[in-house]
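Here is a friendly briefing to read beside the sequence and the 3D view. Take it one topic at a time, and find each element as you go.

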Amino acid sequence: MQIRDLPYTDPGDPDVRSGPHFLLWLGLGQLTGQLKSLSWGLMHQCAIAGLPLGVGLAVQAVVERSGGDLAFAGVLIVALGVLIAVGDTMLHRTAVTNWITAAARVQQLLARKTAELGSALTRRVAAGEVVAVSTGDVEKIGWFVEALSRFAAAALALVLICVGLVLYLPSLGVLVAVAVPALALAVLPLLPRATRRADIQREKAGHATELASDTVAGLRVLRGIGGEELFLGRYRRASQEVRKAAVRSARMWALISAIQVLLPGVLLIALVWYGATLVQDGRIEVGQLVTVYSAATLMLFPLRHFEEIAMAYSFSRPSAQRAVRVLSLKRSDQASTLEAQVPEGDLYDPMTGLLAPRGLFTAVVCGDPDAAGRLADRLGGHAEPDEDASGPVPSVLLGGVALDELPLGSARTAVLVQDKDPVLLSGTLRELLDVPSSGAVAADDALAAAQCADVLDALTQASVDADGDPMNTRITERGRSLSGGQRQRLALARSLVTDPEALVLDEPTSAVDSHTEARVAAGVKRLREGRTTVAFSSSPLLLDLADRVVLLDGDTVVAAGTHRELLRDEPRYRAVVTRETEDEGGAKDGITAIDGLLPARAVEEIEERA
Amino acid sequence: MIGLAPPEYDPAAPTSATTLPVGTPTTVRTYVRSLLRRHRRPFALLIGANAVAVIASITGPYLLGGLVEDLSNGVTDLHLERTAAVFALALVVQTVFTRTMRLRGAMLGEEMLADLREDFLVRSVGLPPGVLERAGTGDLLSRITTDIDRLANAMREAVPQLAIGVVWVGLLVGALTVTAPPLALAVLVALPVLLVGCRWYFRRAPSAYRSEAAGYAAVAAVLAETVDAGRTVESHRLGARRVAQSDRRVREWTAWERYTLFLRSVLFPVINATYVTILGAVLLLGGWFVIEGWLTVGQLTTGALLAQMMVDPIGLILRWYDELQVAQVSLARLVGVREIEPDAGDDRVGPDGREVRADEVRFGYRAGVDVLHEVSLDVAPGTRLALVGPSGAGKSTLGRLLAGIYAPRSGEVTLGGAELSRMTAERVRGHVALVNQEHHVFVGSLRDNLLLARTDADDAQLWASLAAVDADGWSRALDDGLDTEVGSGRLSLTPAQAQQIALARLVLADPHTLVLDEATSLLDPRAARHLERSLARVLDGRTVVAIAHRLHTAHDADVIAVVENGRITELGSHDELVTADGAYAALWRSWHG
């Protein structure tokens with residue numbers, strides 16, 4: 001796998017039994033890459049290890065005043081230089097490729113898993129946890145997978161160098177060979193404590209960042225009401241705690257680097273002392289002593305890999321564990337017993353008795369928002385069962401077909417429930433409105449019906465390179481740059497484009513001002529002519545346009561009719577819709593009784609003025 | 001591999017027109033200088049410890065060089081014990097000072113970093129409210145998270161390590177010059193290659209790394225959005241599109257990874273070549289010099305070992321120079337906040353009375369495009385004024401002008417005869433408060449969330465404020481009372497509870513004039529109704545300007561102003577406007593039909 005071939009067309013089916021299993025699966029998935037990296041790494045390390053030979057030969061040649069030998073040493077050094085350059089570069093290329101492919105694979109797996117789980121995901125794990133895997137853990141997982149072959153190369157090179165030294169100069173070589181394992185392992189006992197302190201530091205830093213971003217997120221509140229000093233003081237304390245924790249952690253790393261200076265230094269002293277006596281006794285050459293000394297200093301490079309791999313593993317194991325936790329989640333829906341199909345007909349909920357006749361605009365009024373939410377969820381089919389439900393809840397029927405028994409995709413195609421807080425996904429407006437749809441409703445018509453003209457203006461003003469086409473303007477994450485009412489109308493336009501068999505809208509205009517709301521309601525009604533539409537609302541402007549209004553008390557339908565009929569005959573309806581509370585009901589009775597123009601005329605009037 | 005062009009799509013390119021400024025190179029330089037000045041002593045200490053450690057580390061090669069010299073001259077009395085003792089002493093010094101250097105480096109880096117992030121927040125909370133309204137907090141948010149993060153690496157590692165690396169190379173070259181002046185020339189041979197290579201690389205690297213980082217962040221951002229929008233994704237059957245979107249981001253990100261890998265594929269051989277050239281040149285030239293008798297064997301050995309030691313600091317400098325360049329961009333973004341004019345308010349300007357007036361006010365967000373045209377309005381103390389009208393008519397803008405958040409382009413908005421725009425934000429908010437849909441609950445205790453409105457309030461006053469907005473029921477039931485940790489990731493409050501907290505803050509802050517901008521419009525209608533009762537108690541006895549979505553709010557107001565196309569087209573009480581039979585009357589009838 002090369003970087004240019006990414007992304008994977010299919011990232012595969014991961015082994016999610018445990019963190020280490022997952023790491024192993026990732027490593028095995030790029031075996032060729034690992035072997036390449038191992039080979040180049042070995043070449044690099046061995047070429048570096050060969051340099052002292054050149055240094056020793058050169059010194060020896062100079063001692064013997066031999067120009068020929070000196071030239072030979074020079075050629076050797078240049079040759080080694082080429083090998084080092086090639087080995088180093090290729091090792092880096094292969095190792096980074098391993099890192100990138102592993103990270104990309106995990107990212108792709110996460111994307112597929114979250115898309116598959118949909119609304120079920122955040123009921124199982126916190127949203128932050130999933131995002132944390134993507135932002136923090138993937139890097140650590142990739143690091144370990146990548147470091148593995150580099151470590152193997154270094155370890156193998158060390159063994160080779162030791163063997164080489166022992167063969168080259170048994171007397172000093174043995175000394176080095178004995179010391180190397182001690183050097184490799186000396187700092188390992190300190191690492192757990194160091195990583196623990198690093199973890200504490202990261203945790204505190206995370207807390208400080210959280211406080212800072214929270215303060216900034218609420219900055220308008222602070223600037224409007226006060227309390228800046230209170231929050232600054234709080235942040236300063238957190239920030240200073242991060243600093244202290246970081247210094248505490250640095251103490252440990254400073255100690256580790258000191259040990260990494262001290263131990264090899266002791267080896268070098270021993271080498272010089274012992275080697276000098278050997279030279280004096282005539283048992284070895286001066287050049288050989290320089291070679292071994294130089295080799296010993298260069299060994300520090302491969303030795304560092306022991307420390308790195310230990311750290312990489314201690315960081316990546318919990319990360320892999322967290323990734324596995326997310327990747328092993330599954331949907332718990334009822335299995336579909338029916339074939340994929342999109343039924344047509346009336347939408348009917350047996351539990352409440354709600355009936356939305358095919359092709360009509362039905363409005364639902366419900367005093368209890370929780371009950372309304374539950375009903376809206378159920379209308380889409382495949383709602384997660386309530387924890388306190390006494391028995392199995394009967395499925396909502398569309399044209400007599402139980403939605404819960406349809407495959408999820410079919411149920412969602414047949415009925416689209418736009419919930420109370422629909423999320424606008426970032427991207428261009430064109431991308432936002434490019435949703436799976438019947439194809440019968442053009443984006444422009446949907447935008448016009450949802451009265452989005454001012455939204456398009458706002459988007460065009462805020463964009464850099466829209467070249468005048470509102471469809472090319474960008475919507476920021478969650479549509480944060482727009483007002484609540486503007487977001488709601490865009491989301492409505494998106495649902496209208498989808499044009500499902502049955503469209504269920506939960507409070508689609510709660511944040512829209514009354515002027516615009518009347519026009520939105522009329523637009524929706526016009527566009528959905530002949531299609532089944534259900535809207536949860538308590539706004540008279542919308543209710544008055546509905547073909548049929550249903551009043552829900554708790555989980556039961558208690559009345560149905562037109563807005564006017566219910567307003568006249570049903571006190572409970574009046575109470576909910578005209579926003580009278582019991583204590584002021586009497587006083588405002590006069591207002592309720594005001595009966596005026598036909599709403600259609602009122603809307604026309606407003607449109608004329610606008 | 002022959003040359004690779006940078007990918008076409010740049011994830012780091014700005015997509016939004018309304019962002020805060022980025023610091024100019026001069027501002028950044030001035031800031032860095034002041035930062036270094038503030039930390040002069042620790043910096044000097046770091047350099048000192050570093051120099052001692054490096055000098056001690058040079059002792060080994062020196063001693064070995066001397067030994068080689070003696071051995072090759074056949075000297076029999078080597079004083080090995082003495083040599084070993086000096087070596088050991090040097091080693092102890094090197095060990096101790098290496099530790100000191102690492103620790104001092106970290107302490108310095110952490111202190112600078114803490115300074116930087118605290119500075120930034122101090123600046124941020126001092127921003128004029130108008131700037132915040134317009135630019136939003138998103139940009140600021142990304143600066144305090146992403147940019148601080150990137151700087152953390154630079155401050156913690158890059159600055160100290162670079163300082164160490166530079167001193168280290170300097171000392172090694174110095175030592176080489178002292179031991180064997182001709183060998184210092186050998187180092188110069190390698191310099192041209194290194195300079196040309198680095199110039200090529202560092203011209204391309206910083207922006208490439210920025211794009212790479214932005215590309216990687218975009219991968220995570222898509223996933224975060226899919227998670228956040230789980231319900232929407234499922235109901236609109238967007239799963240496959242989200243996966244395709246993620247894959248596209250992965251492709252864009254890895255294209256940049258591939259490009260930076262190419263850049264390093266050029267840089268690495270250059271560094272390696274430099275290193276080998278230095279070593280080879282020292283040995284060969286030096287060897288020739290020795291053979292010619294211009295240099296001793298001992299000098300050559302020391303020189304060769306010193307040259308070999310140079311690989312460490314050179315690697316260090318190249319490794320961190322990169323990071324420093326990337327950090328520079330982040331620093332420019334952080335320092336950019338300093339370039340925003342602070343509040344121009346005059347401390348001496350204060351209101352005399354409570355009357356709010358707008359006099360022939362014109363205002364626009366962009367030059368040449370006015371949102372409000374000659375709006376005049378008079379709000380007597382204690383009046384309730386409702387602003388109604390279609391979206392985009394300028395209601396919210398007018399509200400913000402009356403709350404002193406924006407200054408009019410021409411005309412004036414006064415409170416008690418004094419111009420609002422000439423007062424400081426701190427002065428304005430003692431009198432006028434804007435209440436909007438943003439009911440932010442801060443991470444922290446319930447107490448902190450209330451105290452911000454009046455920092456000297458005692459618990460009894462806090463409880464009273466909660467009771468005043470009907471929030472004492474649920475808040476008394478909390479396990480830790482006022483100490484309960486709330487906010488994201490803690491106990492999460494319902495939107496209605498969050499709104500009550502916002503109202504309780506108003507009770508504590510006690511401004512005499514309130515501008516309400518759709519304060520309850522994002523709430524469930526049922527919860528909104530409950531809140532309106534809490535709100536009504538807060539409003540009691542204050543001047544209120546309400547931007548109304550819902551007509552019943554307007555109905556209850558003393559005066560209603562209909563705003564259309566940036567002008568006030570109707571003004572009067574509910575009854576008057578209904579009688580006048582204009583736009584308001586038509587709307588009212590359909591609403592109550």
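Strand 4 and strand 5 (residues 418–419) of chain B run antiparallel and are joined by 2 bridges; two strands count as paired if DSSP finds at least two bridges between them. Helices (H or I, at least four residues) and strands (E, at least two) are DSSP runs, numbered from the N terminus. This is a predicted model, in which local features need pLDDT of at least 70, side-chain atom pairs count only at pLDDT 80 or more, and totals for chains, interfaces and linings use all residues. Residues are numbered from 1 along each chain as its sequence is written, while chains are lettered from A and ligands numbered from 1 in the order in which they are written.

- Strand 4 and strand 5 of chain B make a hairpin with 2 residues between them.
- In the turn of this hairpin, Gly416(B) has a positive phi of about 50°.
- Leu415(B) stands opposite Ala418(B) in strand 5 of chain B.
- Strand 4 (residues 410–415) of chain B is also joined to strand 1 (residues 356–363) of chain B, by 5 bridges, and these two run antiparallel.

**The open sheet in chain B**

- In chain B, 6 strands form an open sheet with mixed pairing, in the order 6-9-10-3-11-12.
- Its edge strands are strand 6 (432–435) and strand 12 (567–572) of chain B, each pairing on one side only.
- On average, neighbouring strands of this sheet are turned by 15° against each other, direction ignored; axes are lines fitted to C-alpha atoms, for helices over the stretch in contact, and angles run from 0 to 180 degrees between N-to-C directions.
- Strand 9 (residues 513–517) and strand 10 (residues 543–547) of chain B run parallel, joined by 5 bridges.
- Within this pair, Leu516(B) stands opposite Ala546(B) in strand 10 of chain B.
- Helix 11 (residues 395–402) of chain B packs on the sheet, and the strands it touches include strand 3 (384–388) and strand 11 (559–564) of chain B; residues are in contact if their C-beta atoms, placed from the backbone, lie within 7 Å.
- The direction of helix 11 of chain B makes about 155° with that of strand 10 of chain B.

**The open sheet in chain A**

- Chain A has an open sheet of 6 strands in the order 6-9-10-3-11-12, with mixed pairing.
- Strand 6 (415–418) and strand 12 (556–561) of chain A stand at the edges with a single partner strand each, so one side of each has no neighbour in the sheet.
- Neighbouring strands here are turned by 20° against each other on average, direction ignored.
- Strand 3 (residues 361–366) and strand 10 (residues 532–536) of chain A pair in the parallel sense over 4 bridges, and Val364(A) stands opposite Phe536(A) in strand 10 of chain A.
- Helix 17 (residues 484–498) of chain A lies across strand 6 and strand 9 (502–506) of chain A, running at about 180° to strand 6 of chain A.

**Two crossing helices in chain B**

- The axes of helix 6 (residues 181–228) and helix 10 (residues 311–336) of chain B come within 9 Å and cross at roughly 55°.
- Helix 6 and helix 10 of chain B are therefore oblique to each other (angles under 35 degrees count as roughly parallel, over 145 as roughly antiparallel, 65 to 115 as roughly perpendicular and the rest as oblique).
- Among the residues that meet are Phe202(B) and Tyr209(B) from helix 6 of chain B, and Tyr321(B) and Val329(B) from helix 10 of chain B.

- Chain B contains 20 helices and 12 strands.
- The C-alpha atoms of chain B fill a box of roughly 120 × 55 × 45 Å, taken along the principal axes.
- The contact between the chains takes 134 residues from chain B and 148 residues from chain A.
- On the side of chain B that touches chain A, helix 8 (residues 239–292) of chain B gives the most, with 25 residues.

**Backbone details in chain A**

- The peptide bond from Leu6(A) to Pro7(A) is cis, with omega near 0°.
- Pro7(A) is found in the segment before helix 1 (19–29) of chain A.
- Arg65(A) is not a glycine, yet has a positive phi of about 55°.
- Arg65(A) lies in the loop between helix 2 (31–63) and helix 3 (67–117) of chain A.

Definitions and conventions: Two residues are in contact if their C-beta atoms, placed from the backbone, lie within 7 Å.
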